[in-house]
Amino acid sequence: MLGGPLHDLLAGVNSERSPLDFIAALVRDRRDAIAVEKQKPSGPYGADAGGYPRSFRHRTSFEKPMKVQRAVAQGIRGLSAGWSNSCWIIGPVCIVLLSLFLEGCSGSSVHEPVTLTLLEEWSNKRFGDERQQELQQFTRETGIRVRLLPSPDSARQRLALWKELLGTGASGPDVYGIDVIWPGILNKYFIDLEPYFANEISLQFPEIAASYTVDKKRVAIPYRADVGLLFYRTDLLREYGYREPPRTWDELETMAARIQAGERAKGEKQFWGFVWQGAADEVLTCDALEWQAAEGGGRIIEENHAISVNNPQAIRAWRRAAHWVGSISPPGVVGYREWDSLNVWVAGDAAFMRHWPSAFVDSQAAGSPIRNNFDVAMLPGGKAGRVETLGGWGLAVSRFSGHPHEALELVRYLIRRDVQVKRSQVLSQPPTLPELYNLPEVLEPNPRFDLLSRAFRTGTVSRPSNVSGEKYQDVSDAYIQAVHSVLTGDKSAPEAAAALENELVRITGFKTGPPSGKSAHSEQISEPAR
Ligand code: GLC
């Protein structure tokens, strides 16, 4: 049983539910995931075999009064000892809670500069370092300091942490990065940004800006857009006689199988045709939605609120993906999140990878074995065209912030044109302003950004977060479980789709109905591949 100073510290942060309960719940989740994670590839990026996200290993900048720090360190050690295997999540969550607690203790005087706290996705060291540079520049311009908090790697765990922190009503973090699918879930905790950013919003991709709006309230302002893409090895395509990347999922299967067989015959025993993200996490919703929407299998719940997921096209698309597992994709792909697939891909062990645009940076980094031997294309399509899931992040201001004025300034800075340009150059994060896609300084380091601006206008499918509102997490969890059970062979696709349909009716109260004729913005296959 944990006692002493850490318990007192943590208990003070949330009176309704102890953060320790929260951490314990995350630990339970983690234990469930461990069996699958053991099959994962190790590599330089993200959570790896050490069971501790790499991104956290580099974070040492929480400089606090020594006495408190020592007490807390002891407490954390006690906690970790009790939960061996699980320290990777305990560490970060404790750091966040501790940081917030100390923020409260420090009681800023009128003469001290304001220090804001910012919590957002933090994908790796390169990203963290770059964001720190942006924040230092903000401090130079405004005198306002910003403390960047760490966050877990998994999208589901991030949402759990965000909800827990916002639920405490604490004054920090002041600014939150939020995933494009969270506005309906977290709406009540944030201020309406419309009155402060009307001009900036009018310059953004309208579809993307709309995704952060709930009942006309601007819950967040997008600062980076995201979309699923196909990465492919140009050297291997050439070697096996292919002039272009696959335009359909059928073509991808054939090409992946052939290249894999050829590479294996040369002795590359670890080589796989296609890597993607099959872990039971939010990213599986993104991948599977792309497969089914491209076949005309709809978007799980349609914009008219019809639950459409139990249909033959979706079933066929899931079934096809299940056949990939162990044939053109590694058996462990059912445990892969983004970093796992990137590790296989950057090691040169895959012909194709589905990923987000920012995977370009690590693929093209100095020393990458595949540098200059890969390219990026739109995802293959099916009967209904080519479809990519819209992802991305926006910035929201907590309604509990003690510094709303400064918090708004930080948002204004992080979405600013020049800051987005620099971010796209260094991190390949797609800007949210259409006009930037014509700039040579953006296109030169990101030669395929022309594809993205097309996709943001015409080729994306949104997850059903706007129609599901607060219930989106339950909807997505149910979908993830259903698709995952098909991928692992635990259920047949028709069985999983029927059970999911019932579950979604129960969760939302909506009626069932057919998928809408075409995915909202699908791009037809007849268009030549780029
Ligand atoms: C990326 C996307 C986000 C998505 C997440 C899933 O961060 O931008 O929208 O939910 O991946 O892991």
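Predicted model: local features only at pLDDT ≥ 70, side-chain atom pairs only at ≥ 80, totals over all residues.

Reply: Start with Phe 274, which stands opposite Phe 352 of strand E9. Now zoom out a bit: both belong to an open sheet of 4 strands, in the order E8-E9-E7-E10, and the pairing is mixed. At the edges you'll find E8 (272-275) and E10 (374-377), each pairing on one side only. On average, neighbouring strands in this sheet are turned by 15 degrees against each other, if you ignore direction. Helix H12, residues 249-265, packs on the sheet and touches E7 (229-233), E8 and E9. The direction of H12 makes about 135 degrees with that of E8.

Next, the ligand. There are 14 residues around it, and Asp 179, Asp 226, Glu 338, Gly 392 and Arg 463 come nearest. In the side chain of Asp 179, an N or O atom is 2.5 Å from an oxygen atom of the ligand. For the side chain of Glu 338, the distance from such an atom to a ligand oxygen is 2.7 Å. Gly 392 uses its backbone instead: a polar atom there is 2.9 Å from an oxygen of the ligand. Taken alone, the ligand exposes 310 Å², and the protein buries 94% of that. Strand E6 (221-227), helix H13 (282-294) and strand E13 (388-397) are the elements that give two or more residues to the shell. E13 gives the most, with 3 residues. By type, the shell divides into 6 nonpolar, 2 polar and 6 charged residues.

Methods
Residues numbered from 1 in each chain as written. Heavy atoms only, no water. Pairing = 2+ DSSP bridges. Axes fitted to C-alpha atoms, helices over the stretch in contact; angles between N-to-C directions. Contact = heavy atoms within 4.5 Å. Near = heavy atom within 4 Å. Polar contact = N/O pair within 3.5 Å; in protein donor to acceptor, adjacent residues only side chain to side chain. Areas by Shrake-Rupley, 256 points an atom, 1.4 Å probe, with all protein chains shown as cover. Nonpolar A, V, L, I, M, F, W, Y, C, P; charged D, E, K, R; others polar.
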